[in-house]
Amino acid sequence: MNALFSRLAGLGLVVMMSACSIDKKPYNGLPEDAVLQNAQGLRAATDGNYMFIKDSDYTRNLYIMNEYPGDNVTLSGTTTDPLFLTYTYRRTSDQGNALQIYRKGYQAIVGCNKVIGAIKEGSSKELDQILGENLFLRAMVHFDLVRLFGRPYTQSPETNLGIIIKTDTRADDNASRATVKEVYAFVVSELQKAARLMTVNRTNSYASPAAANALLSRVYLYMNDNANAIKYADLVIAEGRFALATPTQVPDFYAVENEQNKEIIFAIKHTLKDDRTWSSIGSMYYTSPGGVGWGEVYASQAFQDLVNKYPNDQRRSYLVRKLTAQGAQEKRNGIDKVYVTKFSNQAGLPTLSSPVVLRLAELYLNRAEAYAKLGESAKAIDDVNLIRRRAGLSGTDLYAPTDLKGLPSVLDVVLQERRVELAFEGHRPYDLFRNNRSLVRNYPGYHNTATGQQTVPPDDKQVVHLVPESELVLNKNLKQNPL
């Protein structure tokens, strides 16, 4: 870890100074001390911090490592890409994607720390806004990393190790991992302060008070603090700035520019300049008619069966069957090619998207889950039905307290709706494990065991990734997750 920080300390603002906006417009570079002296330089440095999380080492790996351990996807073959280790729960200490996101995450954190350390709170509204944005980014990255490398909060958070909480720019600190509880407390505090400091509503490509409150709702839900999950969801909903998509907007929801989408609270903006084609998130989910994209990870049969239960569900439009010239279902290694287009077709490009981090639909579902756990079943079902109406469902396709469509509880209703609505966006494995539920894969794919089924209990060691071995070698105070 100390060698990592020594690299970051020297490179942080050099990289940040390459851009004055997340659209990569040129910025006249200045020495680091000069950059941190005025609002213009601090804004440029902040925009550079957005660039860190925009980097494919962070964003691509984040969405793969969050989603591929779930049951909505199926991998149709083996691959040397470390995503195979993530998908199959065969974590290793030298896993490439874990190292990439670990390093890029702390690079972003150190970049934020440089800006945060240069601003005195209360100097001006402009500087408070910049400070708040960096606090939000720092909190978000800590939360991303603790979910990957620390066990769910609902499993002994006082003793289980999370990640290093990094609030300075020192290179050789030989820091130890904080507990999961300590990391979550830090994230909550940071987000609360960020929400208070930010007073400007920029586009949804940037942090905002609503983004901080929305992320707080998610964090509290993961902590099983249901009252606060509802409180912070309500704050964003009551703003009235955001609106659920209509059924006619749902099929193109992810293809339009994120800044034109009123449901999105925060997204990682990608433009034409950012299209990484073969290394994008969408490249694994889709192959265009022109042959662009690997198209090797498909919607699982279990997920297809679930979403296809309701023919009017507009969310079925994100699944695209690949057919032969004769109209038959095309297969790869015996597995149906059913592409996922949530990360495709922005600006008409098959591998371009602006990944959505926070959106209004999630907040209604956060609130619904919290209501269900607090015994307020009618309110939970009302929120679920809002999301189903968004998808074009009505009448008997909606739930009622006396009609749970065969599901055993209102909580099961909510979790199933979360599975459909938030599919492929990196929620499903966490929804299962934080609720003490096992992952069950009973469909074709390269996860299958001799029995044809894979079951991962929530306390399995492989639920979390291993801390990169290279960082353990450099920092003797770092402890590894159980092997």
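Lys166 and Asp168 join their side chains in a salt bridge, with 2.6 Å from N to O. By salt bridge I mean a side-chain nitrogen of Lys or Arg within 4 Å of a carboxyl oxygen of Asp or Glu. Both Lys166 and Asp168 are buried. For that term, buried stands for under 20% relative accessible area, exposed for over 50%, and partly exposed for what lies in between, using a 1.4 Å probe and protein chains only.

Before I continue, please note that this is a predicted model, in which local features need pLDDT of at least 70 and side-chain atom pairs count only at pLDDT 80 or more, while totals for chains, interfaces and linings use all residues. Residues are numbered from 1 along each chain as its sequence is written, and side-chain values use heavy atoms, with hydrogens and water left out.

In the whole structure, the search returns 43 salt bridges. One of them pairs Glu133 with Arg202, at 3.1 Å from N to O. Glu133 belongs to helix 7, whereas Arg202 sits in the loop between helix 8 (180-197) and helix 9 (209-222), so the two partners are distant parts of the chain, 69 residues apart. Helices here are DSSP runs of H or I with at least four residues, strands are runs of E with at least two, and both are numbered from the N terminus.

I turn now to the nonpolar interior. As a general point, nonpolar side chains tend to be buried together in soluble globular proteins. A nonpolar core is a set of buried Ala, Val, Leu, Ile, Met, Phe, Trp, Tyr and Cys residues joined through side-chain atoms within 4.5 Å. Which residues have the most contacts inside the largest nonpolar core? They are Phe136 and Phe424, in a core of 123 residues. Helix 7 (residues 125-149) supplies the largest share of this core, 14 residues. A second, separate core has 8 residues, among them Val250, Tyr254, Ala267 and Tyr318.

Leaving aside residues up to four places away in sequence, Phe424 touches a set of residues including Glu67, Asn72, Val73, Ala299, Leu319, Val340 and Lys342; a contact means heavy atoms within 4.5 Å. Phe424 is also part of a cluster linked by ring pairs, together with Tyr63, Tyr68, Tyr285, Phe303 and Phe343.

That brings me to the aromatic pairs, of which the whole structure has 19. Rings of Phe, Tyr and Trp (its six-membered ring) pair if their centres lie within 6.5 Å; planes under 30 degrees apart count as stacked, over 60 as edge-to-face and the rest as tilted. Tyr50 and Tyr206 are edge-to-face, at 5.1 Å centre to centre and 80° between the planes. Because Tyr50 lies in helix 3 (residues 39-54) and Tyr206 in the loop between helix 8 and helix 9, the pair ties together parts 156 residues apart in sequence. Tyr50 is buried, at 3%, and so is Tyr206, at 11%. Tyr102 and Phe149 form another edge-to-face pair, at 5.5 Å and 90°. Tyr102 is in helix 6 (residues 96-118) and Phe149 in helix 7, 47 residues apart.

Finally, the overall form. The protein chain contains 16 helices and 10 strands, and buried residues make up 60% of its 483 residues. Its C-alpha trace spans about 60 × 50 × 45 Å along the principal axes. Among contacts with a separation of 6 or more, 69% join residues 24 or more positions apart.
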